[in-house]
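Welcome, and please open your viewer.

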Amino acid sequence: MTALVLSDVSRNFGGVRALSNVSFAVEAGERRLIIGPNGAGKTTLFNVVAGAVAASAGKVAMFGCDITSLSAHRRARMGLSRTFQITNLFPRLTVQENVLLALQATEAGAFSLMRRMRCNRELFDRADALLQEWNLSAIAGREAKEISYGEKRQVDLMLAMALEPKVLLLDEPTAGLSAAEVVHVVGMIRSLPKEMTVLMIEHDIDVAFDLADRIAVLHQGLLIAEGDPASIRADPRVAEIYLGEDEADTEPC
Ligand SMILES: Nc1ncnc2c1ncn2[C@@H]1O[C@H](COP(=O)(O)OP(=O)(O)O)[C@@H](O)[C@H]1O
Ligand SMILES: [Mg+2]
């Protein structure tokens, strides 16, 4: 089944054409990496898929349903989740309290005191299990404003994954992390349920090639290449962007 279909999606910001007739399809369960230089339109593409930014033209469909004009909230309720911005963590609450709040938002209303108490217990257990699974138990009691940038990124990522979305959008989840944190985060992404569709922007080419089933390459708002990692690696247009024209044009002696 196809999870996402983008058909001729364009987005202009004033005179800037951030996306230009971008079309591609992502199969359910696929790990799809989006790469391209700064300003290529990658984040705009995510915003259009998530509903944070409207497409100037074109269509977006999720599991066969046209979602082009649906709000971000409706898309989230259909199973789309994206990494929270760091600022979405409540700075004065502890990491554990932030996790509890995010988990609680996914629970149906509690109708009785008993049910509420039981749910609370379940929520605490789930929050603890998540923090343990992520190796973040040590910072559970610290206020979000006190933890490191890398830890914030991991909490952010953990919360997006904990919602158990059908489609997960990750915008540069390894940016600014230490080498050890990158290994940890890549491991967590790898261990996501196989049926979860993951669309991920990644600036680290090695990480991107490592995780991807398929890769889409954006450059100046255009989709310039799409395919499996081997074909993208061999694509001269991709080499040109990443190596610079001079190097790519140089014939081996
Ligand atoms: N909200 C916005 N207002 C004006 N221009 C924007 C906005 N968002 C993105 N752009 C422009 O669109 C282009 C693509 O940006 P972006 O999608 O953030 O690229 P990437 O994520 O690949 O670095 C850039 O030229 C950027 O300046
Ligand atoms: Mg970006």
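**Stop 1: the sheet**

Begin with Val5, whose bridge partner in E2 is Ala25. Before going further, note that this is a predicted model in which local features need pLDDT of at least 70 and side-chain atom pairs count only at pLDDT 80 or more, while totals for chains, interfaces and linings use all residues. Residues are numbered from 1 along each chain as its sequence is written, chains are lettered from A and ligands numbered from 1 in the order in which they are written, and side-chain values use heavy atoms, leaving out hydrogens and water.

Now select strand E1 (residues 2-13) together with E2: they pair in the antiparallel sense over 8 bridges. Strands (E, at least two residues) and helices (H or I, at least four) are DSSP runs, numbered from the N terminus, and two strands pair if DSSP finds at least two bridges between them. The hairpin of E1 and E2 has 2 residues between the strands, and Gly14 there takes a positive phi near 55°.

**Stop 2: ligand 1**

The residues around ligand 1 are Phe13, Val16, Ala18, Pro37, Asn38, Gly39, Ala40, Gly41, Lys42, Thr43 and Thr44. They divide into 5 nonpolar, 5 polar and 1 charged; here Ala, Val, Leu, Ile, Met, Phe, Trp, Tyr, Cys and Pro count as nonpolar, Asp, Glu, Lys and Arg as charged, and the others, Gly among them, as polar.

Which element gives the largest share of the shell around ligand 1? That is H1, with 3 residues. Strand E2 (16-27) and H1 each supply at least two.

An N or O atom in the side chain of Lys42 is 2.8 Å from one ligand oxygen, a backbone N or O atom of Thr43 lies 2.9 Å from a ligand oxygen, and a polar backbone atom of Ala40 is 3.1 Å from a ligand oxygen. Alone, ligand 1 exposes 560 Å², and the protein buries 57% of that (Shrake-Rupley areas, 1.4 Å probe).

**Stop 3: helix H1**

Select residues 42-50. Among the buried residues are Lys42, Leu45, Phe46 and Val49. Step on to Gly51, which follows H1 and has a positive phi near 95°.

**Stop 4: two loops**

Most residues other than glycine have a negative phi. Go to Glu164, a non-glycine residue with a positive phi near 50°, in the loop between helix H5 (149-162) and strand E7 (167-171). Glu164 is exposed, with a relative accessible area of 65%.

Finish at Gln220, also not a glycine, with a positive phi of about 50°. Gln220 sits in the loop between strand E9 (214-219) and strand E10 (222-227) and counts as exposed at 61% relative accessibility.

Key:
Buried means under 20% relative accessible area, exposed over 50%, partly exposed in between (1.4 Å probe, protein chains only). A residue is near a molecule or strand if one of its heavy atoms lies within 4 Å of it. A polar contact is a pair of N or O atoms within 3.5 Å; within protein, one must be able to donate a hydrogen and the other to accept it, and residues adjacent in sequence count only if both atoms are side-chain atoms.
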